[in-house]
Amino acid sequence: MIDFRYHLVSLIAVFLAVALGIIIGTTALNEPIQADIEGQVTDLEQDKRALEDRTQQLQAQLDTADSFGDAVAPVLVDGALTASSVLLVVTNEDVAPETIEDVSTLITDAGGTVSGTLRLQPEYSDPSTATSIQNFVTGAGTPAGIQLPPTDDSGQLVGSLLAQVLMVPPAGPVPDAAALSTVLGGLEALDLVAQDTAVAPADQALVLTAGAFSGDDAAERSTTVGELVAALDAVGSGAVVAGDFGAEAENGLVGVIRADPALSATISTVDNVATSAGQISAVLALANEGDGVSGQYGAGEDTQPVPPVPATAP
């Protein structure tokens, strides 16, 4: 009879054979697997170096283009905004200070003047402030002569109010300084807006933006700011929205304007304002808005690289 020791020895022999097979098989496979992995790593390193080289080349081309744009910008925009005043509206803190400064300088080079810089605070587009905004706009402190739209939409209401005190209608009277002071003072008290520089009424508005709204209320926020732009454009001699590539997203202000056929037909947009080409486009777009011509400019889909140079510019 086969005793227990025989079974034990047989089982040990089987396990030893399995272990030996695994060792032999692993040893035989290790070398080609390792060689394949090393080859993939080498290929990835080469791809990475190639991408780094390409990035450096593109950055050098961009720097060259910006340098060229800076050099020719004053000539291209010369006379484009003669006797025009432009209000700068900054929609968020992501707009670079140098962009605001460069655009302001270019407006001056074009013969125009900057009437001031108004900054929208996050509370301006926050849905939770809609009631307080509506109460202020429709309250007894609203200046005489203001005609508000028949709506309960707080974005449309405050946008209309601001437009009527900030923008000079074509061939119309300049808004009353006391009314402007009252409205801005009230909105500043609610922490909805701030004056980076003292604001006066202007012929046109250049709205500077960056990135896109995020979160559950992103669509509501972008719509509220879009309603302000629409009101500024309707009351004055035109508005331009100039942002970076991120602003072209669905909930970015440039994207919101471009996605709405009615808005895009009357409001110009620029999606590369961080570059000298985009800044030139923003100023030329303002000039064209003054002539009743709107367009979409930059590097995005279905855009023109730059606006036409107005006849007033050499």
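This is a predicted model: local features need pLDDT of at least 70, side-chain atom pairs count only at pLDDT 80 or more; totals for chains, interfaces and linings use all residues.
Local features need pLDDT of at least 70, side-chain atom pairs count only at pLDDT 80 or more, and totals for chains, interfaces and linings use all residues. Residues are numbered from 1 along each chain as its sequence is written, and side-chain values use heavy atoms, with hydrogens and water left out.

The protein has nine helices and seven strands. These are DSSP runs numbered from the N terminus: helices are H or I with at least four residues, strands E with at least two. Of the 314 residues, 41% are buried, meaning under 20% relative accessible area with a 1.4 Å probe, protein chains only.

The seven strands form an open sheet with mixed pairing, in the order 3-2-1-4-5-6-7. Two strands pair if DSSP finds at least two bridges between them. Strands 3 and 7 are the edges, each pairing on one side only. Helix 5 packs on the sheet, touching strand 2 and strand 3; contact means heavy atoms within 4.5 Å. Strands 6 and 7 pair in the parallel sense over two bridges. T269 has Q296 in strand 7 as its bridge partner.

Helix 4 (residues 154–166) is largely enclosed by the rest of the structure, because 11 of its 13 residues are buried. Among them are L157, L161 and V165. D153 caps the N-terminal end of helix 4, with a side-chain oxygen 2.8 Å from the backbone nitrogen of G155. The buried residues of helix 4 pack against these elements, among others:

| Element | Residues |
|---|---|
| Strand 1 | 85–90 |
| Helix 3 | 130–137 |
| Helix 6 | 218–235 |

Conventions
Buried means under 20% relative accessible area, exposed over 50%, partly exposed in between (1.4 Å probe, protein chains only). Axes are lines fitted to C-alpha atoms, for helices over the stretch in contact, and angles run from 0 to 180 degrees between N-to-C directions. A polar contact is a pair of N or O atoms within 3.5 Å; within protein, one must be able to donate a hydrogen and the other to accept it, and residues adjacent in sequence count only if both atoms are side-chain atoms.
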